[in-house]
There are 2 protein chains.
Amino acid sequence: MVYSIESYGCNYEGDVVVLLMLLWNCAECKHPHPCDPLTPSELSFVRTKVQNSYPNQNLTFHYVTLDEPNKPEILSWQSSNPKTKAKAVSPPPRRASVIVRLQKQSLEITVDLSTGSIVSTKVYQGHGYPMLTLGEIGVVTQLPFNYEPFKESLRKRGLNISQVRCGAFTMGWFGETKTKRSVKVKCQYRNDTANFYARPIEGVAAVVDLDDMKIIGYNDRYVVPVPKAEGTEYRASKLKPPFGPNLKGITVTQDAQPGFTIDAHSVSWANWVFHVGFDIRAGPIISLASIYDLQKQKYRPVLYKGFISELFVPYQDPTEEWYYATIFDTSEYGFGQFMSSLQPLTDCPPNAAFLDAYYAGSDGIPVKIANAFCIFEKYAGDIMWRHTETEIPNEVINEVRSDVSLVVRTVSTVANYDYITDWEFKPSGSIKLVV
Amino acid sequence: MVYSIESYGCNYEGDVVVLLMLLWNCAECKHPHPCDPLTPSELSFVRTKVQNSYPNQNLTFHYVTLDEPNKPEILSWQSSNPKTKAKAVSPPPRRASVIVRLQKQSLEITVDLSTGSIVSTKVYQGHGYPMLTLGEIGVVTQLPFNYEPFKESLRKRGLNISQVRCGAFTMGWFGETKTKRSVKVKCQYRNDTANFYARPIEGVAAVVDLDDMKIIGYNDRYVVPVPKAEGTEYRASKLKPPFGPNLKGITVTQDAQPGFTIDAHSVSWANWVFHVGFDIRAGPIISLASIYDLQKQKYRPVLYKGFISELFVPYQDPTEEWYYATIFDTSEYGFGQFMSSLQPLTDCPPNAAFLDAYYAGSDGIPVKIANAFCIFEKYAGDIMWRHTETEIPNEVINEVRSDVSLVVRTVSTVANYDYITDWEFKPSGSIKLVV
């Protein structure tokens, strides 16, 4: 993961008058589309505003995202001037929606990016907690290494502590009326394999209070051997013969320019137009997908907003160390936060274009995911429609239309799960979402 | 459809001694695989043998195909010498299985291609009849044009007879103990469209006895307008603006040689070997598909024989003209007989290889379907397997394996139905069949 702060030509330093003027420039002129995700500059601005509201206090940012204008506003903006809307009509004012953790409370804050003011602050009173951040996962999973009972557990098993790696597991909710914001920490053994998920140190689990960042419970219930490293390696460079099939170089090429255009986050291709957004929790968001109706000579809305609302991973193993593994990979870990930088030529074909994504780390600083999205025309050699007709006198008809579609791809890698999310747009008007 | 008789270097003319010697050459040396479909020479030989058995009689060939050796024989041949079997071990003797129609009877004949003798002849006594042939469909569908009541029906509707086209519809079986081999003939109107299927001349149907090749029943029940031609045209060259999306040139390329090899009808690719056969009724047949087991260092059989056994099209419309439309597109019309010549670059991607197919026409003469099969490596820019690992110290792992598979494609066009049949082989060991 590369940390980077990029300026989009905006400068939030200086006095308030300058700030407001520049904000007007940035928030509206530079954002032709009201669904555009927060830029690094906007994320930084939100951080400064929120931190300044709680000086010298230890707060963590769990969720910073675009506070999307409501549907009537967006539709009104969209319909106001369909041909020239980007220039002629300003989008609705931009706002950010923020969840921070402060003094064991979750605060929901709305920041108006047009005026630079905090519009509202609310203490969340309901069940549940905000998403884990990569920052706190990093801290939590180091705690066992300075915890004597854990070191003793490793010694008892004869494991080399330098080869141990720990992960944070959310704990589910089983109807308790009062809960702490806590996770369980369980560990695995590397030692001669990259595939440490195949080598769990079973029987051992710590409970960590995330607000106090302390181990508040520990269990070493039983000792079983760690599974062997042998046969678990998956890195091609480390594998020894015999090798699997050698797939000879085959690729997708496009002699002409790509058939799609990307303007900021707006994509148009064939008879489709749509917007590609991003959220640290949901990952990719497709908005305002419309298809051109040849008969009516106008775009018809097909999808207002689409995203993965949740990905639930219930292990359904009743044992002490696994019963609570009822993981929400989207809302507990973040399909956006865990998006991987896509590898050109393998994660996506050679004709792909890439988009970056930015989210706020737990310290509020923008984090860049380079090549977070790829967009490409997909052609697998398949047929969209065909007909052979031999019953017309003096003519044999062979009409074949190739099956080409447009794919927006992201990969969210949550621990050992790599979720490939493909939004596929077909000229027929269908949208196919595959995870 | 192109008619052509090709010689595979065999010559069945001449006296019996020469014949047998040449047959030995052709049937065994030239056919390394016992599942290879009958060659044009073999089809011609079968025709001569069968016709010579019924001199001066009017017989029609409805089904001529390889009489495949039984499974133990094939498996024994396959296992006898896995490395050099093509040269070292002769396959079992080749036989042809034939169904002819003669004097209103269906004869099942077996011809031994090794000895050149007719092994058995049986009169079929059960329900049902052999497949329609393209030859008889051609004759049947012309009968109405010389049938006065039909001409009167067209006049009554004001239709131009030169723009009328008729089709043969099998009649189903509704429990009758005695049936004739007959079809119904219904017609459509072209006049300004290639899409005559959209313009049925409803209310009119003839019944034709296929053995006597005569209209034995006729019905003109009601007159309704033929649907308009407007908006039914599908030929790209005939369409007028506005046009649908313009999909810019995108293609699949392979710099290296293809990853597969085709030896006669045997295909090997990646960790797969299999045989591609052909039958006038079933169309494509995949046999002896085996995958190489890296651990055991040998091929493991996955599929002994796979083909589309039937494709049933019940219209479920209770009206007089449609209730009997309970069509078996495979066994009544022939998924093989109706296979279309595949169009390079559209039906199949540029990296495809093609195979021809041959069947016996109703006169027994071999008919060639050029480019009946295409075989290609399929790559859609998809991911077979991936993992990103950021939890190894001083290393970020991005391992991505591209999803490449091998496809054997055929298209069977039965009237207005174009069935694309893809047998897809994946390196993972799975076989995916999609129609």
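Is A:Phe150 buried or exposed, and at what relative accessibility? In this predicted model, A:Phe150 counts as buried, because its relative accessibility is 2% and the cut-off for a buried residue is under 20%.

Over all chains, the structure holds 32 aromatic pairs. One of the pairs joins A:Phe150 to A:Phe145, with 5.9 Å between the ring centres. The planes of these two rings stand at 85°, so the pair is edge-to-face, given that an angle over 60 degrees falls in that class. A:Phe145 has a relative accessible area of 16% and is therefore buried.

In chain B, an aromatic pair is formed by B:Phe274 and B:Phe425. The rings of B:Phe274 and B:Phe425 are stacked, with a centre-to-centre distance of 4.0 Å and an angle of 10° between the planes. Distant parts of the chain are linked by this pair, as the residues are 151 residues apart. B:Phe274 belongs to strand E13 of chain B, which covers residues 272–279, while B:Phe425 belongs to strand E21 of chain B, which covers residues 417–425. Both B:Phe274 and B:Phe425 are buried.

In chain A, one aromatic cluster is made up of A:Phe169, A:Tyr315 and A:Trp322.

Note on methods: Residues are numbered from 1 along each chain as its sequence is written. Chains are lettered from A and ligands numbered from 1 in the order in which they are written. This is a predicted model: local features need pLDDT of at least 70, side-chain atom pairs count only at pLDDT 80 or more; totals for chains, interfaces and linings use all residues. Side-chain values use heavy atoms; hydrogens and water are left out. Rings of Phe, Tyr and Trp (its six-membered ring) pair if their centres lie within 6.5 Å; planes under 30 degrees apart count as stacked, over 60 as edge-to-face and the rest as tilted. Buried means under 20% relative accessible area, exposed over 50%, partly exposed in between (1.4 Å probe, protein chains only). Helices (H or I, at least four residues) and strands (E, at least two) are DSSP runs, numbered from the N terminus.
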